[in-house]
Amino acid sequence: EFAGKEAIQLYVHAPFGELKKPWQELRAIAKTPLLKPMESCTVTLSFELKDMASFDEASMSYILEPGDYVLMVGTGSHNAAPAAVLALDEKIVVRIVTADIGMAPANKDRIALLEPEAELRVENTAGLPRAAFTENDVTVCWPEYKGHKEDAEPAVSTLHDVAAGKVTMEEFIAQMTVRELAVLCNGYGPGLPFGGMGRKDIPVTIKGEDGKDIGSCSNPDAMPGYCNPTLEKYGIMSTVYKDGPASVGKTAWPTGMMIACTFDPELAYEFGSACGCEAEMGHVDSWLAPGMNLIRNPIEGRAFEYFSEDPFICGLFGTQVARGAIENNAVTVCPKHFAMNEQETYRRGSLKKNIDAVDTIVSARAARELYLRPFEMVVTGARPMTLMTSFNKVNGTFAAGNYTLCTEILRGEWGYEGVVVTDWGDMDMVV
């Protein structure tokens, strides 16, 4: 009786094999245009065959197991019905990795993982459209980690020389004093190490042996604590960053959760573009968004900033928001909190209560298929230049200092070449 739009969703029911699988996983969505009563339209849904792969911890690889992959289509997970079958005769190894982010051996036998007890098969697929696919149909294009230049010139100068490939980052850093390096690990503003958020009687930056401030601020639009210090002799100037996932504070936009509820990726792109425009108007270089963590509990402290409990929705909408901001404005975004920051309570611990930071104990498969998937999608799909780590530990190691997470996976596997920043005052409680 009324005009409206509909969200069409495509799920994949994968076969059981070496690995147990959920009943169905979301792989594509599309939103119709505004339709008048009794009006119809054709919607096209597409996805990469490699995205159906599951992570096998035993072989440290993403694999497509042989069997029938049933495509389920509907307006939601509750009414998705079988629509077609993709048949695979032989196992396909989509990708092999070496970075093991999984739990320590001592924890593997102490934690029970939730898995389906038996395979639930989709019935009545005989009459559905059926197509076979092979390894030749699976396009795999992973970034190659090039590392640092080994034949760089020995001269050391400014950050511009690093960008030009004249010196390596290692050579550039080697010329700095310990105090100068410490300055770069803090924001600029009173109350270090929080930089603008702590006690006002604490200096805005670290002082040199001569008693003078080492860092300064070259951007008059910067708020205390929301810029990096200037070290002009090294060509390092102040850049401005500002919270958060619900915009930079000009317009009261709907939060990430509400944006995702539209199931409209194009709308998410426009939201990102508008927020990026407001960031540029405010001379903000890096918009501290989008929030890419999963909503594992509806009452977790930051649930409203995140998109969904579904990793595909989180990755898709985060990528669209990021692309909208980056592609239409002179700004970048800073996806956060990398990674597995799925609770706020004691995520950084408590000195008063003598409580350590939250330690996320997680299997490698759960980490890769659930918690890291949204970040992988936004890093490879939007190419942001900044990314924020989280306060918590991941399998015993603080996320910001986790080499497997921040170097082997982020840079090595995903090809990230931007700046990794810690969350505010991160690891200041470590003793």
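Okay, hi everyone. Remember as we go that we're looking at a prediction.

Let's start with the sheet. Three strands make it up, it's an open one, and if you walk across it you go β3, β4, β7, with antiparallel pairing. Now, β3, residues 54-56, and β7, residues 92-96, are the edge strands; each has a single partner, so one side of each has no neighbour in the sheet. On average, neighbouring strands here are turned by 35° against each other, ignoring direction.

Zoom in on β4, which is residues 61-64. Strand β4 is joined to β7 by 4 bridges, and those two run antiparallel.

Right, on to the helices. With two packed helices, you describe them by the angle between their axes and the distance between the axes. Our pair is α7, residues 311-328, and α9, residues 373-382; their axes come within 8 Å and cross at roughly 30°. Angles under 35 degrees count as roughly parallel, so that's what we call α7 relative to α9. The crossing itself is right-handed.

Who's actually touching? On the α7 side, the contact residues include Phe312, Leu316, Ala322, Arg323 and Ile326. Over on α9, you've got Arg373, Pro374, Met377, Val378, Gly381 and Ala382. Sort the residues of this contact by type and you get 10 nonpolar, 4 polar and 2 charged.

That's it from me, thanks.

Methods. Residues numbered from 1 in each chain as written. Predicted model: local features only at pLDDT ≥ 70, side-chain atom pairs only at ≥ 80, totals over all residues. Heavy atoms only, no water. Pairing = 2+ DSSP bridges. Axes fitted to C-alpha atoms, helices over the stretch in contact; angles between N-to-C directions. Parallel < 35°, antiparallel > 145°, perpendicular 65-115°, else oblique. Left-handed = near helix turned anticlockwise from the far one by under 90°. Contact = heavy atoms within 4.5 Å. Nonpolar A, V, L, I, M, F, W, Y, C, P; charged D, E, K, R; others polar.
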